[in-house]
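The stops below are meant to be followed in order.

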Amino acid sequence: MREIFRRALTGAVYIILLLSAVFLSSDAFDFLFMTFGLACLYEYKRLVQLRGYHIFLAYLTLWWAYIYLVHDLSLIYVLLFLTITIDCTLLFFLFSKNKNLFSTFRKFVVGLFYIGGGCIFLTMIPYKDDDFAKLLIMGIFILIWVNDTFAYLVGSLLGRTKLYPSISPKKTVEGTVGGFIFAMGAAYIIGKYESIISPMQWMILAIVIVIFGSLGDLLESKLKRTAGVKDSGAILPGHGGMLDRLDSLIFAAPFAYVTLIIFAYVS
């Protein structure tokens, strides 16, 4: 009971912090996710045993350039291509028997684009038509939270078939399907009240976020299992590390960004 209360309290503080940043100002939102990115990079460094602090400087430089300086779409697409390429490489790592995440240089590149690129595109998502679309990013948060929450609940109640037992023994196929169904329902409801994209587009976006968010969750589980640890950190009591909370969002963000680009192109 004490553990449940601690998890609930930490989760409430986390959600309040996110809501406050989103609705306070775009600068507050930007700063919050820059800070989250630094925390995730720190935990990633520990998981893969990457030494030095060069990755923090590289991330801050890249983040500052793309959030405040770069407006050329071709440069944004270059970063998007590199980030998605690294993410696809990590999917091969996820489904392989290899437990070694490459050389020191490759660990640096992977961390910079997997976490750094993911945080940058997560920060860029609400900037639509020179406006800060608060409800768009909140809708994406809601889809992730609904998927995670109901995947856990359905899996706890009905879960029988293990999804990927060698990497994440507690995740089940039933839980994954349950999370997906409830996320689709949430997307339909959001689409009825938030018209920045259509209800059908919200449901397509939900599919992308749930699939790649779930893969991101499994990927971080493999990094932890390879490192021999239960959590990526201890910054969030009852929840583990920051990367434990943001793994789904960070991995799904560039794919969600591509989806929104396609929606804008076909509209």
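The tour passes from helices to the nonpolar core and then to charged side chains.

This is a predicted model, in which local features need pLDDT of at least 70, side-chain atom pairs count only at pLDDT 80 or more, and totals for chains, interfaces and linings use all residues. Residues are numbered from 1 along each chain as its sequence is written, and side-chain values use heavy atoms, with hydrogens and water left out.

**Stop 1**

Select α2, residues 26–48; helices (H or I, at least four residues) and strands (E, at least two) are DSSP runs, numbered from the N terminus. The end C-alpha atoms of α2 are 33 Å apart, in agreement with the 33 Å that its 23 residues should span at 1.5 Å a residue. The expected span is 1.5 Å times one less than the number of residues.

Next, select glutamine 49, in the loop between α2 and α3. Phi of glutamine 49 is near 60°, a positive value in a residue other than glycine. Glutamine 49 is exposed, with a relative accessible area of 67%; exposed means over 50%, buried under 20%, and partly exposed in between (1.4 Å probe, protein chains only).

**Stop 2: α4**

Move to α4, residues 73–95, whose 23 residues reach 33 Å from the first C-alpha to the last. Buried residues of α4 include Ile76, Leu80, Asp87 and Phe93. Which elements do the buried residues of α4 pack against? They pack against α3 (54–69), α5 (104–124), β3 (162–164), α8 (199–227) and α9 (242–266).

**Stop 3: the largest nonpolar core**

Display the largest nonpolar core, which has 84 residues; Tyr114, Ile115, Ile125, Phe141 and Leu205 touch the most other members. The largest share of this core, 12 residues, comes from α9. Such a core is a set of buried Ala, Val, Leu, Ile, Met, Phe, Trp, Tyr and Cys residues joined through side-chain atoms within 4.5 Å.

Centre the view on isoleucine 125. Not counting residues up to four places away in sequence, isoleucine 125 touches Leu136, Ile137, Ile140, Ala253, Ala256, Tyr257 and Leu260; contact means heavy atoms within 4.5 Å.

**Stop 4: the salt bridges**

The structure holds 3 salt bridges, each a side-chain nitrogen of Lys or Arg within 4 Å of a carboxyl oxygen of Asp or Glu. Select aspartate 217 and lysine 171, whose closest N and O atoms are 3.1 Å apart. This pair links helix α8, which holds aspartate 217, to strand β4 (residues 168–172), which holds lysine 171. Lysine 171 is partly exposed, with a relative accessible area of 25%.

Now select Glu220, Lys224 and Asp244, which are linked in a network of salt bridges. Lysine 224 pairs with aspartate 244 at 3.0 Å between the closest N and O atoms, joining helix α8 to helix α9. Lysine 224 also pairs with glutamate 220, at 3.6 Å; these two residues lie 4 residues apart in helix α8. Lysine 224 and glutamate 220 are buried, and aspartate 244 is buried too.

**Stop 5: aspartate 247**

Finish in helix α9 at aspartate 247. Aspartate 247 is buried yet has no salt bridge, and the nearest side chain of opposite charge, lysine 224, is 5.9 Å away. Here Lys and Arg count as positive and Asp and Glu as negative, while His and the chain ends are not counted. Leaving aside neighbours within four places in sequence, aspartate 247 is in contact with Gly216, Asp217 and Glu220.
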